[in-house]
Amino acid sequence: MPESPYTVSDVMTQTVIAVGRDASFKEIVGLIDQWKVSALPVLVGEGRVVGVVSEADLLPKEEFRDGGEEDAERAEREKAAALTAGELMSTPAVTVHADATVAEAARIMARRHVKRLPVVDSVGILQGVVSRSDLLKVFLRDDQEIAEEVSDSVLGHLPITTPLTVSVTDGVVTLGGVLPDRTLVPIVARAVRAVEGVVDIRLDLAHR
């Protein structure tokens, strides 16, 4: 496993189920059910992502089955009448690049309220898909692996003259020892918290 920060390429799924613009409503629903995904990228040409069809894009068809369209917004009415992926899709697609960090991908998902992101190259060609569950894989890192990274890659590069003790239990890092200056406490805490897989940090530190 690579040292942090992990990138999208480390956790993404490369085998992706996608559809073209002409895919029918029923075909899309069938693929979502078959593959247990919440959204499908819509592709054109050699695999360029032009949109995404999600469960939310499909739901208006059922929502307004018994009427009520007159109270809906125009976009919802159009979704309810749509028959193909090209008509249903949300565009432009919210995407991410493979070299983005896992934290960056998580922020995009949170801000744009999406559960999955197509991973594209510099010209928009589909490379994979990353989901919320993929981003959570970093918390499966072994405690010993996290401890070694904190000791070697974090504390080893900070201006600390006396070694600190590091222990990790269920992803929670505990640091012990003496710091030469109390102003180093937030610096150390921030650096350790940035390690992928760290759930929380406990500081048992004294300072001179």
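What volume does the largest pocket have, and which residues of its lining are closest to its centre?

Modeller: The model is predicted, with local features requiring pLDDT of at least 70 and side-chain atom pairs counted only at pLDDT 80 or more, while totals for chains, interfaces and linings use all residues. Residues are numbered from 1 along each chain as its sequence is written, and side-chain values use heavy atoms, with hydrogens and water left out.

The largest pocket has a volume of about 370 Å³. A pocket here is an open set of points on a 1 Å grid over the protein atoms alone, with protein on both sides within 12 Å along at least five of seven lines, and a lining residue has an atom within 4 Å of a point. Volume is the space filled by probe spheres set on the points, which are joined across faces, edges and corners. Of the 18 lining residues, V52, S54, H113, V114 and K115 are the closest to the centre of this pocket. Strand 3 (48-54), helix 3 (55-58) and strand 5 each give two or more residues to the lining, and helix 3 provides the largest share, 3 residues. Helices (H or I, at least four residues) and strands (E, at least two) are DSSP runs, numbered from the N terminus. By class, the lining holds 8 nonpolar, 5 polar and 5 charged residues. Nonpolar covers Ala, Val, Leu, Ile, Met, Phe, Trp, Tyr, Cys and Pro, charged covers Asp, Glu, Lys and Arg, and the others, Gly among them, are polar.

V52 also belongs to the lining of the largest cavity, together with A39, L40, P41, R116, L117, P118 and V129. Strand 2 (39-44) and strand 5 (116-120) are the elements that give two or more residues to that lining. A cavity is a set of points where a 1.4 Å probe fits but cannot get out.
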